[in-house]
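Hello,

Here is the structure I promised to pass on to you. Have a look at it first, and then read on for what turned up.

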Amino acid sequence: MNVRDTEVISGLLLKAGFKLVEKPDNADIVILNTCSVRQHAEDVVWSEIGVHKNGKIIGLVGCMAQNYKEQAFQRAPNGNFVVGPSDIAKIPHILKDLLKDKGILERKIWETDGLNRPEEIYHTGYYNDKNHAHLVISEGCSNFCAYCVVPYVRGPERHRRFTDIIKEAEQALDKGINKITLLGQNVNSYKSENADFKELLKRMNAMKDLKEFSFLTSHPKDTDVKLFDAMASLDKLSKWLHLPLQSASDRILKSMKRNYTKDYFLDLTKEYRKIVKGGTLTTDVIVGFPGEAEKDFQETFDLLKKIRFDAAYIFKYSPRPGTEADRTPDDVPQKEKERRHRLILDQQRSLAKKNAKS
Ligand code: SF4
């Protein structure tokens, strides 16, 4: 999502007459498009901001901006503007405003109250990769998983109009792009103009100049065999499915508010393997969620072995301020999180090797 948002911001700025440079050292303006999903991502940005001190205009954009709002200036006094994900359309105007003012480096501007993005921002025609476009189909999320900050920083789930998505896809294809990834926090719940996600996939598959397309990310609770049928039958649709497990302990899944059980998840992956022959299955796992006992961890460890994902992204839980899980003590010691992380990582490496061989 942030890759696409950065392209959108770049496209808006190019349209407004700004230029992109290769290295931040050569820039007059540095904009950091940020992620708040884990503490580590935020730590990296706070230290990166401090590096740019020599009279540049500095902007903090994205989820951290939304999270910290004007308080971001206390952590980063050299910052000039703070803009949340729903307000990125305002960035060219903010910069022009700052540049008009002689005392720019003293000024602080923040925009974090926006609710919706104007549709035009997706039609600047700028793509980083000349062969591959990322297309946002839904913004925000209304699932409120207990550990996740996304619904707070990106707002409730909103779907882009079917016709607007198709128009953007056609514009990308006209530019010579032949690969597209559809993006949303939960693509499976997509609905607009009487069409659902499967309708969108069918329409995409029928695009003449499109060679290949894929989607990210699926929520297991909204994933079903109809999606797998579409994956098996649409020839341009990638057979890769990223299905975040997070935990295989029903007790922990319940506290995470994931709305599925271990058995449901296992059955879903069995159906996927049966229907989508030769598909690639990947996942996300969090270790050390509050209350995760050795027994809970063992269930996750065992299920990963059973499912044999082609790749798994393993994260050590870090509390995100404002989330439901943050109100519960972060009671798994750091050392224990690291041990569980290492155990799963080692197992996953050997499983992925075996999968690749077969
Ligand atoms: S589905 Fe859950 S984990 Fe994914 S973005 Fe929404 S709240 Fe976060």
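How close do the axes of helix α11 and helix α12 come, and at roughly what angle do they cross? Please keep in mind that this is a predicted model. The axes of α11 (residues 262-275) and α12 (residues 294-307) come within 11 Å, with a crossing angle of roughly 15 degrees. Angles under 35 degrees count as roughly parallel, so α11 is roughly parallel to α12. The crossing in which α11 passes α12 is right-handed. On the α11 side, the contact is made by Lys 262, Leu 266 and Thr 269; on the α12 side, Glu 299, Leu 303 and Ile 307 make it. Sorted by class, the contact between α11 and α12 has three nonpolar residues, one polar and two charged.

Now for the ligand. Around the ligand you will find Cys 141, Asn 143, Phe 144, Cys 145, Cys 148, Val 150, Pro 151, Gln 185, Asn 186 and His 219. Six residues of this shell are nonpolar and four are polar, with no charged ones.

Finally, the whole chain. The protein chain has 13 helices and 14 strands. Its radius of gyration is 21 Å, close to the 21 Å that the globule rule gives for 358 residues, so the chain is as compact as a globular protein of that length. Taken along the principal axes, the C-alpha atoms of the protein chain fill a box of roughly 65 × 55 × 35 Å.

Enjoy exploring!

Best wishes

Terms used:
Residues are numbered from 1 along each chain as its sequence is written. This is a predicted model: local features need pLDDT of at least 70, side-chain atom pairs count only at pLDDT 80 or more; totals for chains, interfaces and linings use all residues. A residue is near a molecule or strand if its C-beta atom, placed from the backbone, lies within 6 Å of it. Ala, Val, Leu, Ile, Met, Phe, Trp, Tyr, Cys and Pro count as nonpolar, Asp, Glu, Lys and Arg as charged, and the others, Gly among them, as polar. Axes are lines fitted to C-alpha atoms, for helices over the stretch in contact, and angles run from 0 to 180 degrees between N-to-C directions. Helices (H or I, at least four residues) and strands (E, at least two) are DSSP runs, numbered from the N terminus. Angles under 35 degrees count as roughly parallel, over 145 as roughly antiparallel, 65 to 115 as roughly perpendicular and the rest as oblique. A crossing is left-handed if the near helix is turned anticlockwise from the far one by less than a right angle, and right-handed if clockwise. Two residues are in contact if their C-beta atoms, placed from the backbone, lie within 7 Å. The radius of gyration is taken over C-alpha atoms; the globule rule is 2.2 Å times the number of residues to the power 0.38.
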